[in-house]
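I opened this model to look through its fold, its ring contacts and one of its pockets. My entries follow in the order I made them.

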Amino acid sequence: MDAKIGNFFESVGNFFTGGDQIPWCDSDIVTGCEREVAEAGKGSSDELKNECIMRLSWALVHSRRPEDVQRGIAMLEASLGGSNSPLQMREKIYLLAVGYYRSGDYARSRQLVERCLEIEPEWRQALTLRKTIEDKITKDGVIGIGITATAVTAVGLLAGGLVAALSRKK
């Protein structure tokens with residue numbers, strides 16, 4: 001029973017704080033990946049270069065800095081055409097979905113996750129991201145409804161107060 005209560009409070013806390021299961025990446029990791037890409041550009045094999053670029057893309061879309069996320073999205077979009085295997089395509093599309101999720105474009109993120117799931121229907125990461133996106137959309141909708149209801153209530157109270165004040169003067 002205690003575990004159920006703990007899970008309930010954790011889910012309520014995540015609802016209000018916007019917590020999700022997608023990891024964050026520190027700027028030190030982004031810097032390290034950038035260094036790795038620069039070193040791989042000096043005569044390394046194409047395979048090693050591509051691996052380094054994928055690690056950098058991962059770090060960028062998982063960054064807390066919006067400009068890093070945008071850079072990661074741009075890198076991934078530019079590299080989509082060069083994907084030969086379905087696995088590479090799936091990984092890039094998934095990272096793009098994470099980037100769009102982090103940038104707040106939930107509709108585009110959901111679209112990309114669905115493309116991932118067309119390639120691999122049982123991929124747990126994509127399924128988790130899809131649930132995270134749906135939860136975020138639902139939460140934002142509930143908060144929007146709450147704000148609207150609060151504004152309507154405030155207007156109603158103000159109007160009621162004015163009517164009461166005017167009726168006292170008569």
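**Entry 1. Overall.** I began with burial. Of the 170 residues in the chain, 26% count as buried. I note here that the model is predicted. Next I went through the secondary structure. I found seven helices and zero strands. Along the sequence the pattern reads α-α-α-α-α-α-α. Then I checked contacts between residues at least 6 apart in sequence. Of these, 54% join residues at least 24 apart.

**Entry 2. Gly99.** I picked out a glycine in helix α5, Gly99. Is Gly99 buried or exposed? Its relative accessibility is 0%, so Gly99 counts as buried, the cut-off being under 20%. Which residues does Gly99 touch, leaving aside those up to four places away in sequence? I listed Val61, Val69 and Ile73. I then took the C-alpha distance from Gly99 to Ile73. The two atoms are separated by 5.9 Å, although the residues lie 26 apart along the chain.

**Entry 3. Aromatic rings.** I looked for ring pairs next. The count came to two aromatic pairs. One of them is Tyr101 with Tyr106. Their ring centres are 5.5 Å apart, with 55° between the planes. Why is this pair called tilted? An angle under 30 degrees would be stacked and one over 60 edge-to-face, so 55° falls to tilted. I also checked burial for both partners. Tyr101 is buried at 6% relative accessibility. Tyr106 is buried too, with a relative accessible area of 17%.

**Entry 4. Charges over rings.** I searched for arginines placed over tryptophan rings. The charged end of Arg102 sits over the ring of Trp24, 3.6 Å from the ring centre. For Arg90 the ring is that of Trp123, and the charged end sits 3.9 Å from its centre.

**Entry 5. The second largest pocket.** I noted a volume of about 290 Å³. Which elements give two or more residues to its lining? They are α3 (46-61) and α5 (86-102). Helix α3 provides the largest share, five residues.

Notes: Residues numbered from 1 in each chain as written. Predicted model: local features only at pLDDT ≥ 70, side-chain atom pairs only at ≥ 80, totals over all residues. Heavy atoms only, no water. 1 Å grid on protein atoms, 1.4 Å probe; cavity = no way out; pocket = protein on both sides within 12 Å on 5 of 7 lines; lining within 4 Å. Points joined across faces, edges and corners; volume = space filled by probe spheres on them. Helix = DSSP H or I, 4+ residues; strand = E, 2+ residues; numbered from the N terminus. Phe/Tyr/Trp six-rings, centres within 6.5 Å; stacked < 30°, edge-to-face > 60°. Buried < 20%, exposed > 50% of the residue type's maximum accessible area, 1.4 Å probe, protein only. Lys NZ or Arg CZ within 6 Å of the ring centre and 35° of its normal. Contact = heavy atoms within 4.5 Å.
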